[in-house]
Amino acid sequence: AAWTASAAARADDLEIDLGWDLGLTAGFGAAWITSEALKSRLAPDECRWCEANAFDDAARDAFLWDDTDAANTVSYVLGFGLLPAMTLAVNAASARDEGRAVQGAEDLLLVAEAVALSASVNQLTKFLVGRERPFVHALPDEWRGLTAKPADNNVSFFSGHTTLAFAVAVSGATVATLRGYDSAPYLWAIGGTMALATGWLRVAADRHYLSDVLVGAAVGSLIGWLVPWLHRTDRDEDTGVLSRASIVAGPDLMFAFAF
């Protein structure tokens with residue numbers, strides 16, 4: 001039987017293995033940072049997926065801003081600044097209100113783990129797929145190598161900003177739901193709205209096609225939900241939900257999924 005919202009709300013504890021969780025977070029985070037530093041060598045020089053389609057072209061025409069640089073800047077501020085700050089602050093305040101400061105630190109670790117894993121999956125996919133960004137596709141052939149960051153020209157699929165925004169929003173809200181925090185509905189509503197806005201801004205900025213954003217939202221949401229869910233400690237004999245053994249195996253599964 002599927003878990004209901006009320007059943008999920010009764011779960012007031014999540015099991016953290018500092019060795020696994022800190023190690024995985026640091027490992028995935030280091031992999032992403034290293035890949036960024038080596039992007040000029042790792043990213044494809046030529047696009048492997050060079051063409052758009054009617055769906056993406058229609059969305060680009062509908063959402064594109066005249067000032068694409070402004071949309072790009074706002075997407076950074078919202079997705080990498082305001083959304084993470086709001087999510088982490090609300091979760092920390094909720095844990096503090098329950099008199100569990102350590103629990104607040106654990107919540108932060110789970111969100112960071114989801115973000116690090118999603119960033120690594122996203123980066124690996126970008127390098128393998130090699131989709132040309134929409135603003136590059138619109139340039140004359142002789143201008144495409146003259147962009148400000150040529151190594152970014154062919155890493156459009158799928159949207160990293162959107163992936164990370166949804167990973168933050170969904171992991172933070174899932175943790176709050178599993179902890180039984182009163183703030184959980186607000187995190188789902190506000191965090192989800194901010195993540196959606198981040199994705200829309202990536203299309204408005206001409207940095208991604210709508211299909212890049214939709215896939216990023218799906219992957220970020222899946223990982224953002226999966227990481228906290230695999231740390232549940234409660235059981236239900238009737239439904240046969242995750243045992244402690246499966247939770248301990250969770251990091252192995254996540255590592256295999258990413259690489």
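Which residues touch the most other members of the largest nonpolar core?

1. They are Ala 71, Leu 83, Met 86, Ala 176, Leu 187, Met 194 and Ala 195, in a core of 20 residues. A nonpolar core here is a set of buried Ala, Val, Leu, Ile, Met, Phe, Trp, Tyr and Cys residues joined through side-chain atoms within 4.5 Å; buried means under 20% relative accessible area (1.4 Å probe, protein chains only). Helices H5 (68-97), H8 (160-179) and H9 (184-204) each supply at least two residues of this core; helices are DSSP runs (H or I, at least four residues), numbered from the N terminus.

2. A word on the model: it is predicted, with local features needing pLDDT of at least 70 and side-chain atom pairs pLDDT 80 or more, while totals for chains, interfaces and linings use all residues. Residues are numbered from 1 along each chain as its sequence is written, and side-chain values use heavy atoms, leaving out hydrogens and water.

3. Have a look at Met 86. Not counting residues up to four places away in sequence, Met 86 touches Leu 187, Ile 190, Gly 191 and Met 194 (contact means heavy atoms within 4.5 Å).

4. There is also a second, separate core of 18 residues, with Phe 28, Leu 117, Val 121 and Ile 223 among them.

5. Leaving aside residues up to four places away in sequence, Pro 134 touches Arg 60, Ser 156, Asp 206, Arg 207, His 208 and Tyr 209.

Notes. Buried < 20%, exposed > 50% of the residue type's maximum accessible area, 1.4 Å probe, protein only.
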